[in-house]
Amino acid sequence: MSINSKAAPVRFRNVTKVYGTDVVAVDNIDMEIEAGKLVTLLGPSGCGKTTTLRMIAGLEMATKGSIHIGDRDVTLLPATDRDVSMVFQSYALFPHMTVMENVSYGLGFSGFDKSETRDRAAQGLDLVGLKEYEDRLPSELSGGQQQRVAVARALVLEPQVLLFDEPLSNLDAKLRRQVREEIREIQQNLGLTVVYVTHDQEEALAVSDEIVVMRNAGIAQIGSPRDLYDAPADRFVADFIGEANIIPCQITSIDGDMALIDVDGFPHTLPARGMTVGSASLAVRPTRLMLNAQTGMNMRVRKATYVGSRMEYTLKAGFGEVFAVSENVDAPLQVDAQITVGLDKNGPVLLPEDHG
Amino acid sequence: MRPLVSERTAHPVLIFWIIAGWVGFFLLPWYGVEDFFTFEWLIDGYPFDTDYAPAAFLIGQGEKLWLAPALLGLLLPLLALGRRRTEPLYAKLLILSGTVGFGWMILQGFTIGIRGWNFDWARAMFGDLGDRQFGMGYGALICASAFLFLLTQGIAARGAINGDVFVLSAIGGVIVIVTAFVFFPIAKMLTAAFITEDGGYSAGVFASKFFDDRLWGLGCLSGGRCGVAWNSLFLAVLVGLITTVLGLIFALVVTRSGFRFKKGLRALTVLPIITPPFVIGLALILLFGLSGSVTVFFADVFGVQPTRWLYGLPGILIAQTLAFTPIAFLVLIGVVEGVSPSMEEAAQTLRASKWQVFKTVSLPLMRPGLANAFLLGFIESMADFGNPLVLGGNYDVLSTEIFFAIVGAQYDQGKAAVLAMVLLFFTLGAFYAQRFWLGKKSYTTVSGKGDSGVHPHMPRALSLPVLAIAMIWAGFTAVVYAMIFYGSVVELWGVNNNLTFKHYVTAFSFRLEEGGIRWSGAAWDSFWTTLKIAAIAAPLTAIVGLITAYLLTRQSFAGKNAFEFGTMLSFAIPGTVIGVSYILAFNVPPIEITGTGIILVVSFIFRNMPVGVRAGIASMSQLDKSLDESSLTLGANSWQTFRRIILPLLRPAILAALVYSFVRAMTAISAVIFLVSAEYDMATSYIIGRVENNDYGLAIAYSTTLIFVMLTVVAVMQLIVGRTEIGRRMTQSRTNV
């Protein structure tokens with residue numbers, strides 16, 4: 001016997017959640033989460049991502065619309081009756097129960113007999129590497145260990161969907177990387193459907209098969225980490241996923257899929273993304289600005305900051321300020337130096353004007 | 001795969017309540033038996049004797065045929081068995097059966113009483129009944145519960161509160177008992193104020209009693225006597241103000257001074273809980289009465305003629321201030337400690353002096369606490385019965401006036417009801433004034449983040465007088481308590497000051513005889529009754545309080561605010577009012593419990609429930625909600641979550657609620673005095689009886705014994721709570737992560 005996956009897809013159809021009479025937490029969203037995928041809900045606080053997660057869990061009930069897990073309509077089912085388990089931000093380990101009792105807790109309600117409950121719980125603990133800790137109380141574990149107990153407790157129920165609510169936010173920076181890799185590994189090995197909420201874009205990029213970027217109770221964009229990073233749909237997504245300089249530009253001509261643009265007097269060619277001649281915005285990652293290029297925009301160095309592995313610059317251009325980084329720490333640019341800044345061939349993308 | 005509740009066709013809870021309903025109807029005696037806790041009826045003609053017969057047997061013998069329609073409510077749910085919860089018919093059947101059954105029971109219970117029809121229109125419509133019925137017994141009670149919970153299951157099946165049967169049943173249960181034992185008696189009392197001597201209703205009766213000069217007279221402004229309403233109000237405002245100031249002083253000494261004996265001051269908080277309220281009055285008489293030690297001392301040394309100055313406003317004021325200051329302290333210490341030190345530190349770094357910090361930051365942030373302390377002092381003073389009775393002299397107040405209207409020669413229920421309404425009006429008025437004063441401002445200073453600062457000490461100009469007052473008052477309290485003990489071992493105060501244990505012997509002597517101990521002391525009867533009633537009431541109070549707290553903190557449902565108001569209302573109702581309304585409401589069917597132990601138990605439950613609720617809310621809001629939620633997502637239902645997660649983590653709160661309600665049940669007097677009977681006499685009312693006979697020695701000896709018994713109880717409970725410390729440490733470490 002081993003822990004298996006009963007991974008099922010999740011489907012949202014026109015789901016709206018209103019608190020009280022007029023606070024719209026989630027506004028008419030549609031989404032499809034494939035079975036066996038790790039999908040992240042990403043967004044600034046108050047964007048509705050946690051509400052969305054809690055609606056999957058059954059801790060909040062949708063005001064309108066329907067939610068399906070697998071082929072069952074669960075819209076009206078309370079949490080108890082849904083085949084979903086959740087890892088909480090605070091872990092929510094029961095402080096009066098040992099690790100073993102915590103992990104066995106849910107199995108007791110799922111119709112397993114005593115010995116099977118024990119076996120499964122032991123296996124769950126084994127999976128997260130906490131076999132020897134089963135008699136400890138949660139208070140006797142470190143933060144990272146508590147986190148793993150919470151994961152084991154959710155895993156052993158073999159849920160159709162496993163939910164994570166900002167699981168790493170209570171861990172220190174080093175542990176975060178390690179734990180998120182562990183979560184990803186378990187998810188991939190067992191083929192679980194996981195929905196993961198975070199506000200940390202780097203975490204989202206690192207663990208996800210797919211990212212749902214949320215904004216103001218709605219969905220801003222859905223896509224793979226690469227899609228979102230390289231081809232953000234709008235300014236909001238561009239700025240939220242990784243930093244981006246938004247630079248005003250003019251599309252001067254379109255040639256097939258490519259557009260010729262004018263940025264502060266400097267011409268550049270890049271994919272048109274269906275846009276037409278006229279004003280647009282250009283999103284450029286700080287790493288994609290080529291400092292001291294042969295040709296480019298004229299800028300003046302306003303600030304130069306040494307952060308160890310790289311240099312960070314604030315540059316003043318005709319249209320405003322941009323932020324750039326450079327790996328070259330040995331010969332940094334001087335403040336007030338006039339430089340020519342070019343654009344990388346890949347990376348900069350056109351965004352529709354006035355969006356977000 | 002998780003079994004799906006919504007698709008199951010077997011419903012253990014439903015089956016349980018159907019069976020309960022049938023047992024109540026077919027097996028248990030329908031009407032109340034003499035004593036709830038005895039089972040003589042089993043061998044005394046059951047099941048055919050009409051006094052003890054179950055409803056089914058009554059109907060079978062052709063009697064009390066009006067009970068028959070309830071059977072419909074018992075048959076309907078049978079059709080729901082074997083259906084899925086999601087079927088609309090399931091919900092409809094249960095709602096119908098619950099409504100029909102419960103509604104019918106209420107209807108017949110109120111229309112047919114001890115003299116047949118209760119209403120003239122019923123007699124006119126159906127003719128003379130020629131029969132009558134008594135109060136509800138085991139059978140009726142269980143049947144009514146069954147109907148109620150069938151109804152809540154029906155509502156749950158329709159999808160209310162996510163179809164949660166446990167939560168809905170709990171809400172339904174609390175609403176019904178609060179309605180039955182808080183709102184119903186109050187309403188009954190209100191109507192009693194309008195009843196004329198020949199049984200009709202008249203606003204004139206109410207008006208004549210309400211506008212009585214004895215109630216509202218203003219004679220004291222011109223040297224005469226004022227009405228009792230003004231007396232009570234004046235006294236209560238004074239007591240509220242003084243206890244709040246003194247409470248604040250003690251709280252400041254404990255939290256913001258270098259004073260070394262803080263633990264001793266904290267022990268003060270236990271005193272009012274374990275002291276029957278009138279004991280202070282007795283001690284004051286021993287000190288300042290006509291033959292009191294201080295009076296005699298001054299008479300001897302200065303040749304001053306002893307006076308009866310103590311009897312009246314001064315005496316009651318001193319006694320109540322002594323008795324209720326610790327309550328204000330208890331409230332204020334939490335508030336004063338709760339003011340986040342970082343706010344005060346921030347003010348200091350903004351160049352405010354210590355005095356300015358105190359005046360502009362600390363004090364305003366304590367406003368809710370001050371309002372609460374005043375309100376408590378005000379209500380306690382209004383409701384206090386023992387001290388005015390002992391010390392009142394000619395200064396009549398509402399609570400004693402009510403008592404004499406009911407038990408005195410006048411026996412005027414209407415007058416008692418009117419007086420009780422005035423009393424209730426004052427306390428509810430204070431309750432609202434407090435809310436109004438606090439307004440919508442937020443005084444929350446606890447941010448949830450660790451606060452590592454320390455409270456600054458008081459400015460010197462403040463700390464010296466504060467310390468002085470605190471010391472003087474603490475000393476005075478100590479003297480008063482010493483007097484209580486000393487008074488119990490003196491032969492006859494002021495006349496014969498020999499030391500003796502005679503009072504204890506009179507009260508608590510026992511002999512070893514063949515076949516066991518013979519409790520020959522005069523106090524044993526009331527002592528055992530008190531213990532028994534308190535022991536029964538305490539766990540029930542804790543259960544009702546905690547379930548209510550759970551509903552208020554953990555669930556959201558329509559009408560939650562009204563629900564909260566209803567459950568907290570009995571907090572603002574003085575015990576005297578509860579007492580009067582209970583005897584008015586519960587000496588006739590359908591709930592006929594006057595003169596039994598049950599009415600005492602019930603009154604304690606609803607008197608002390610708000611404290612249980614508050615304690616429960618306080619500790620439940622310390623428990624992260626994600627604990628419940630994770631239990632739910634792990635497949636436990638809300639009842640399993642309540643039992644396996646919340647209850648174990650609330651152990652300290654449960655114990656506190658248990659101790660509090662147990663001890664309060666032993667010291668309460670204001671409601672009790674109306675509800676005791678020859679068979680069920682309570683310690684406090686027995687003591688008051690002794691005081692009225694001028695038998696101070698015995699009264700004080702008995703009081704001292706009670707204080708020591710309760711000290712022991714509190715100490716033992718503290719020990720047990722102390723052992724559950726692990727649980728607390730864990731919850732803390734959890735919130736820290």
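1. A quick word on terms before the details: two strands count as paired if DSSP finds at least two bridges between them. Helices (H or I, at least four residues) and strands (E, at least two) are DSSP runs, numbered from the N terminus. Keep in mind that this is a predicted model, where local features need pLDDT of at least 70, side-chain atom pairs count only at pLDDT 80 or more, and totals for chains, interfaces and linings use all residues. Residues are numbered from 1 along each chain as its sequence is written, while chains are lettered from A and ligands numbered from 1 in the order in which they are written.

2. Let's start with the antiparallel sheet in chain A. This open sheet has 5 strands in the order 15-19-16-17-18. Strand 15 (289-291) and strand 18 (320-326) of chain A sit at the edges with a single partner strand each, so one side of each has no neighbour in the sheet. From one strand to the next, the twist averages 45° (axes are lines fitted to C-alpha atoms, for helices over the stretch in contact, and angles run from 0 to 180 degrees between N-to-C directions). Strand 15 of chain A pairs with strand 19 (residues 338-343) of chain A in the antiparallel sense, over 3 bridges.

3. Chain A has another open sheet, with 6 strands in the order 6-7-8-3-9-10 and mixed pairing. Its edges are strand 6 (84-87) and strand 10 (218-223) of chain A; each has a single partner strand, so one side of each lacks a neighbour in the sheet. Neighbouring strands here are turned by 20° against each other on average, direction ignored. Strand 6 of chain A runs parallel to its partner, strand 7 (residues 161-165) of chain A, over 4 bridges. Across that pair, A:Met86 stands opposite A:Leu163 in strand 7 of chain A.

4. Now a helix pair. The axes of helix 2 (residues 99-108) and helix 3 (residues 114-127) of chain A come within 9 Å and cross at roughly 125°. Helix 2 and helix 3 of chain A are therefore oblique to each other (under 35 degrees is roughly parallel, over 145 roughly antiparallel, 65 to 115 roughly perpendicular, and the rest oblique). Residues that meet include A:Val103 and A:Leu107 from helix 2 of chain A, and A:Ala121 and A:Leu125 from helix 3 of chain A. By class, this contact of helix 2 with helix 3 of chain A has 6 nonpolar, 4 polar and 2 charged residues (Ala, Val, Leu, Ile, Met, Phe, Trp, Tyr, Cys and Pro count as nonpolar, Asp, Glu, Lys and Arg as charged, and the others, Gly among them, as polar).

5. On to domains, whose bounds come from an automatic or database domain assignment. Chain A splits into domain 1 (10-235) and domain 2 (243-351). Their centres, taken over C-alpha atoms, are separated by 38 Å. In chain A, 4 residues of domain 1 are in contact with 5 residues of domain 2 (contact means C-beta atoms, placed from the backbone, within 7 Å).

6. Chain B is assigned domain 1 (8-158), domain 2 (225-491) and domain 3 (518-736). The centres of domain 1 and domain 3 of chain B, over C-alpha atoms, are 30 Å apart. Their contact takes 10 residues from domain 1 of chain B and 8 residues from domain 3 of chain B.

Notes:
Two residues are in contact if their C-beta atoms, placed from the backbone, lie within 7 Å.
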